[in-house]
Amino acid sequence: MKLNKIWPAICLVGLLINISSCKKLDEYLDKAESGGMTLEQVFGDYVLAERFLANAYSKLPSEYATKYANASDEADSPHGTSGENQINNGAFSPAGNPYNNWTATYQAIRTVNIFLANADKIPVLNAEQQKGKPRMIGEAHFLRAFFYGELFKRWGAVPIITEVLDINENMRVARNPVDEVVAFIVEECDKATELLEIQYSSAELGRATKGAAMALKARVLLFAASPLHNPQNTTAKWEAAAKAAKDVMDLEAYSLHDNYKLLFHTRISPEIIFQHNVNYTDFTLQTFVPSQGGQVGVAPLQNLVDAYEMRNGERPFLNNATGLNPTINPASGYDPQNPYANRDPRFNMSILYNGATWRGATVYSYVGAPSDGINGGFNNTTTGYYLAKTVDETASRTPSVRNGNNYWIYFRYAEVLLNYAEALNETLAQPNAHVYKAINDIRKRPGVNMPDLPNNLAKAEMRERIRHERRIELAFEGHRFFDIKRWRIGTQVMPDAYGMMITRNTSGTFRYERFLVENRVYREHFDLFPIMQTEINRNPALEQTKGY
């Protein structure tokens, strides 16, 4: 199938091209006399074809998910002009979507389509290349599935493009139904799984693996089974999602990392299934506290802080409430004058609060605190909190810049366990031991060691527990933004964003008062993205997402 005007200007990697500017791929390939190469030349050489595929990898998103935290109930952006604020105030339309990546993703798909259309031509000269050629084809199928998965998360029904389009062709193509999109992604994942290995040498970090293809399949099937795309709650869809996640588990190739905090700053971990190959060196600038040279783009919300359990496994507030005056759960031991004591250890590894230690210094976020006080300036927290998770504490902004390790993780084993528990629970009348084990294993990670879930939970109670565990375990990793949409809970959790106003008493103690950071706008049709009107103008066969 074909789509109108998905016509990218694609730059090949530097080793492949010897020109100073980026040209349209067809111009480059058709003009060998000007220094470029034809398709026949590129795919007539194994090394050049491999470099072409590397260009497809370079199109993997490197957003580091902070903007998704700021547009969910996880965080707020201190910078009022950001795209997150456009999302949160309801100015989310076909004329303006700061999170739109439709064209860029189809550009990436076109690169993969070119590779797959020409892969059979790639010559092999030795045993290594004989083995490498099918692996590259498997990687290409994985990448095409990944990019379509990104479109599916945002738009649901999208056009499926497998051919390399000519700019002069008739480009009137409608969106494929959701079930067809899901089936296509699953098929691509299955093709990749057949051709890829479970792991490669350390010199080949970043390549797609069999586990990556299987984890992507499990994630996509979970989305397909969720209320957004499965309003009839068809059990077979949940069963397919549970099986796909269990297949990853049955590889016995992955396990939970023994240090939740350091997991996000390593290249080698039994938990990492697929990770970006580029160090996001600007991340420290965007996340460090102001006193240490940062420009703070993420301010965690009280909404998320309230969700963290106490160390004894009890919720600090009854009914998991948040707001200005939530009712304290007396069994929790929560102290409103010492609100950050005895919390789930993942809280301390994820959020910097007033009195927290960061890089050997104490962070003070009370009103009027030197450097890091709430509302103290353009780069200061607007909520009373700063981000710790995914920020490398070994990095530095002052007195010199040391960027640290910030390689974004696309898939990790904890998500697979959560996907499995959620899908399996939906297939059962009552949660079984397998559901409990998947969640309790995450809670029992060394250094976390939270109590097991209570026994004898009803199905609905387990559903809530699993959703809660996802919120905590996967915080600030870009999942919550999309979980809110696939569960269709945005109108419940998004409207009110809260912070903690902290004032220092003359005695040196602190007073903690919750406050409303902002009222946000969330409508049901925000569960899916609008297609930009410019795309519909190019291709009138595209039907706009319902509600826009």
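The backbone oxygen of Tyr385 lies 2.8 Å from a polar side-chain atom of Thr381, in a model that is predicted. Thr381 belongs to the loop that runs between β6 (361-362) and β7 (386-387), and, because its relative accessible area is 0%, against a cut-off of under 20%, Thr381 counts as buried. Leaving aside residues up to four places away in sequence, Thr381 touches Ala299, Ser365, Asp372, Ile374, Asn375 and Tyr386.

| Helix | Residues |
|---|---|
| α9 | 210-225 |
| α15 | 433-443 |
| α16 | 459-473 |

Helix α9 is mostly covered, with 16 of its 16 residues buried. At 1.5 Å a residue, the 16 residues of α9 should span 22 Å, and the 23 Å between its end C-alpha atoms therefore agrees with that expectation.

How do the axes of α15 and α16 cross, and within what distance do they come? The two axes come within 11 Å and cross at roughly 30 degrees; because angles under 35 degrees count as roughly parallel, α15 and α16 are roughly parallel to each other. The crossing in which α15 passes α16 is left-handed. On the α15 side, the residues that meet α16 are Val435, Tyr436, Ile439, Ile442 and Arg443, while α16 contributes Met462, Ile466, Glu469 and Glu473. In general, an α-helix has 3.6 residues a turn, so residues three or four places apart point the same way.

Note on methods. Residues numbered from 1 in each chain as written. Predicted model: local features only at pLDDT ≥ 70, side-chain atom pairs only at ≥ 80, totals over all residues. Heavy atoms only, no water. Helix = DSSP H or I, 4+ residues; strand = E, 2+ residues; numbered from the N terminus. Expected span 1.5 Å × (residues − 1). Buried < 20%, exposed > 50% of the residue type's maximum accessible area, 1.4 Å probe, protein only. Polar contact = N/O pair within 3.5 Å; in protein donor to acceptor, adjacent residues only side chain to side chain. Contact = heavy atoms within 4.5 Å. Axes fitted to C-alpha atoms, helices over the stretch in contact; angles between N-to-C directions. Parallel < 35°, antiparallel > 145°, perpendicular 65-115°, else oblique. Left-handed = near helix turned anticlockwise from the far one by under 90°.
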